[in-house]
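Please look through the model shown below before reading on. The report that follows takes up its surface, its helices and its charged side chains in turn.

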Amino acid sequence: MSYSTSSSSWRWTLRETLVVAVLGAAFAVLYLAWVQVWLVSQAAFGPVAMDVFMGFWFSASIVAAAIVRKPGVAFMAEVLAAGVEILLGSPAGLGLLTAAVVQALGAELVFAAFGWRHYGLVVLMLAGIGAAITSFAYNWILFDYGALEPWLLALMFGIRLLSGALLAGVAGHLIVEALYRTGVLRGLKIDFDRRGAGLAAQPAQ
């Protein structure tokens, strides 16, 4: 099996669909647990804690996209994670689905800007930042951020960008690398890309 650059290469295989579904479900469980970490931190440090921890809630889109490497993967993984999280009893309720759509769009747009062909650490960090920007815009409307002091607004925005870059981008990259080393990603697009790059780097005989 090989991947080409034609439009047919963007079609999802059954295995890729299952991988996205499994990652969505797995991150739903992690997201739900992360809510407890956020609630404790919010009680201790106030509302800014949400921006500190927000980046992790973008991780499903980053990890799934870096593995499957096709249009729509980041979006579907994040939305699936939110859907499963709601079914598991998330206190955020159905509003979580809207938030997931907004976050996923931010990440997906970054991958689209690179033609869905580049998934290095920098691109993953930019995708995390993209999700942070769209999520912040959504929260601005939802929570009337315009009423906040400018310095506090700037601080929250800066922290969320950093959280997206680190907790989604860098942590997502580390998760993908750990999974790749186990061999479970063999035969997926990430594997073909890396083996292809390895062959291209070999000197001609």
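## A nonpolar patch

Patches are made of residues with over 30% relative accessible area and no salt bridge, where like charges are joined within 9 Å and nonpolar side chains (Val, Leu, Ile, Met, Phe, Trp, Tyr) within 5 Å. Accessible areas come from the Shrake-Rupley method with a 1.4 Å probe, and for residues only the protein chains shown count as cover. In this structure, Phe114, Val122 and Leu126 make a nonpolar surface patch of about 250 Å². Val122 has its place in helix α6 (residues 121-143), where helices (H or I, at least four residues) are DSSP runs, numbered from the N terminus. With a relative accessible area of 58%, Val122 is exposed (buried means under 20%, exposed over 50%, partly exposed in between).

This is a predicted model, in which local features need pLDDT of at least 70 and side-chain atom pairs count only at pLDDT 80 or more, while totals for chains, interfaces and linings use all residues. Residues are numbered from 1 along each chain as its sequence is written, and side-chain values use heavy atoms, with hydrogens and water left out.

## Helices that cross

The axes of helix α5 (residues 95-113) and α6 come within 7 Å and cross at roughly 140 degrees, where axes are lines fitted to C-alpha atoms, for helices over the stretch in contact, and angles run from 0 to 180 degrees between N-to-C directions. The two helices α5 and α6 are therefore oblique to each other, since angles under 35 degrees count as roughly parallel, over 145 as roughly antiparallel, 65 to 115 as roughly perpendicular and the rest as oblique.

Helix α3 (residues 59-68) and helix α4 (residues 73-87) pack at an angle of about 140 degrees, with their axes 7 Å apart, which makes α3 oblique to α4.

## Salt bridges

A salt bridge is a side-chain nitrogen of Lys or Arg within 4 Å of a carboxyl oxygen of Asp or Glu, and the whole structure holds 6 of them. One of these joins Asp193 and Arg69 at 3.1 Å, N to O. This pair links distant parts of the chain, 124 residues apart, with Asp193 in helix α8 (residues 189-201) and Arg69 in the loop between α3 and α4. Asp193 is partly exposed at 25% relative accessible area, whereas Arg69 counts as buried at 9%.

Key: Buried < 20%, exposed > 50% of the residue type's maximum accessible area, 1.4 Å probe, protein only.
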